[in-house]
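Please read the numbered points alongside the sequence and the model.

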Amino acid sequence: MRIRIVDAFTDQPFSGAPAGVVLLDAFPEDAWMQRVAAEVNHAETAFLHPITDNSEKSKSADWALRWFTPAVEVALCGHATLAAAHVLAAGSVRFATRSGILTARTAADGLITLDFPTAPLTPVEAGPALAAALGAEVKAVHHTGPDTDDLLVELAGEKAVREVVPDLRALIPLSNRGVIVTAAGEGGGYDFVSRFFGPAVGVDEDPVTGSAHTALAPYWAARLGRDELTGYQASRRGGFVRVRLRGGRTELAGHAVTVIDGALTAGLLGAGTAGDPLHVA
C-alpha cells in the first residue's frame, strides 16, 4: 500500500507541516487507521477514498476524507487536506468530511486554495490557569467553535509568541483540542504570527495548523481591517498561510512538496489501495 509524506504550506522540503497521505478503496477499521497515524507520528495523517456511489450525498463530493493524529481522530485539519489535494493533483476536488464539504483548487503554479468553514469566535474568560500554563501575559481569549474546539489566545506581541514555552501537561485540561497563541506581525512580510499546541490530541506543537487559521483569519481581519492576510506560524519548521475571509467561509492557500513516497507493508487488515499501486509515479 502506497503512503506519502507531504510537507504542506511550504514550497521547500523539510519545512512547513508534514502529513501522511494514504489513498484507499474504502475506509478500513478505525483502529487500523489510528495505528498507521501513530506509526507515521506526524501531527496528522489523511486517509481518503473515492466516492463512487450515486447517492445525493456522493454527488456533492469526489473523495471521503478523514484525519488522525497519533492519538485521536479530529474533525478538521488544514495541512493534511492540502497534502491530500497535492497528492491527487486535480484541478479541483471536493472532500466529504466530518466538517462538511471542503473544496481544494490547484492553480497552474501549484498553489492550492482550500475552502473551509470560518470558525465562530466566542470571547471567554482568561482564567489564571491559562496564563500560568503559558507562562505569558494573556491579552484576550476566544473559543473557536465545535469544528476545531480550540482556544485562541492573543499574547502581548510577536516576541512573546515566538518565545513562549508552555507547560504542556497544564494545557491539556484547558482545551479539547489545542491552544493557539497569536500576536500581530512586526515586519517580515506577514500580518500576524501564531503557534499551536495540542497535547490533548497527542500533538505537543503542530508545525503549521491550517484549521487554526479559520479562527485567526476573522480574528485579525476584524483588528486589521482587511479580509486578505498572510499568517506566519512560528514553529521550528515554520510556514506561511495566505487567508481570505469570505463571511462564513475562509480560504487558506499554500504550496506543498512530497518528500517521501513509499510502501506500507504491514498490518493492512484488508484495506484497499484506490487503484494506487506502488509503481505509479
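1. The side chain of Ser 175 reaches two backbone atoms: the nitrogen of Arg 177 at 3.4 Å, and the oxygen of Gly 178, which lies 2.7 Å from a polar atom of that side chain. Such a polar contact is a pair of N or O atoms within 3.5 Å; within protein, one must be able to donate a hydrogen and the other to accept it, and residues adjacent in sequence count only if both atoms are side-chain atoms.

2. This is a predicted model, in which local features need pLDDT of at least 70 and side-chain atom pairs count only at pLDDT 80 or more, while totals for chains, interfaces and linings use all residues. Residues are numbered from 1 along each chain as its sequence is written, and side-chain values use heavy atoms, with hydrogens and water left out.

3. Ser 175 belongs to the loop between helix 6 (168–171) and strand 12 (179–184); helices (H or I, at least four residues) and strands (E, at least two) are DSSP runs, numbered from the N terminus. With a relative accessibility of 8%, Ser 175 counts as buried, that is, under 20% relative accessible area, whereas exposed means over 50% and partly exposed in between (1.4 Å probe, protein chains only). Setting aside residues up to four places away in sequence, Ser 175 touches Asp 149, Asp 150, Leu 151 and Ala 200, contact meaning heavy atoms within 4.5 Å.

4. Thr 214 is found in helix 7 (residues 213–224) and is buried, at 1% relative accessible area. A polar atom of its side chain lies 2.6 Å from the backbone oxygen of Ser 211. Beyond neighbours within four places in sequence, the contacts of Thr 214 include Phe 116, Pro 117, Thr 148 and Leu 252.

5. How many of the ten residues of helix 3 are buried? Nine are, so the helix is largely enclosed by the rest of the structure; among them are His 79, Leu 82, Val 87 and Leu 88. Ala 89 follows helix 3 and has a positive phi, near 55°. This residue is placed in the loop between helix 3 (79–88) and strand 6 (92–97), and is exposed, with a relative accessible area of 63%.

6. Helix 1 (residues 30–40) has buried residues that include Trp 32, Met 33 and Val 36. The buried residues of helix 1 pack against several strands, among them strand 1 (2–8), strand 3 (44–50) and strand 4 (63–68). Asn 41, which follows helix 1, has a positive phi, near 60°.
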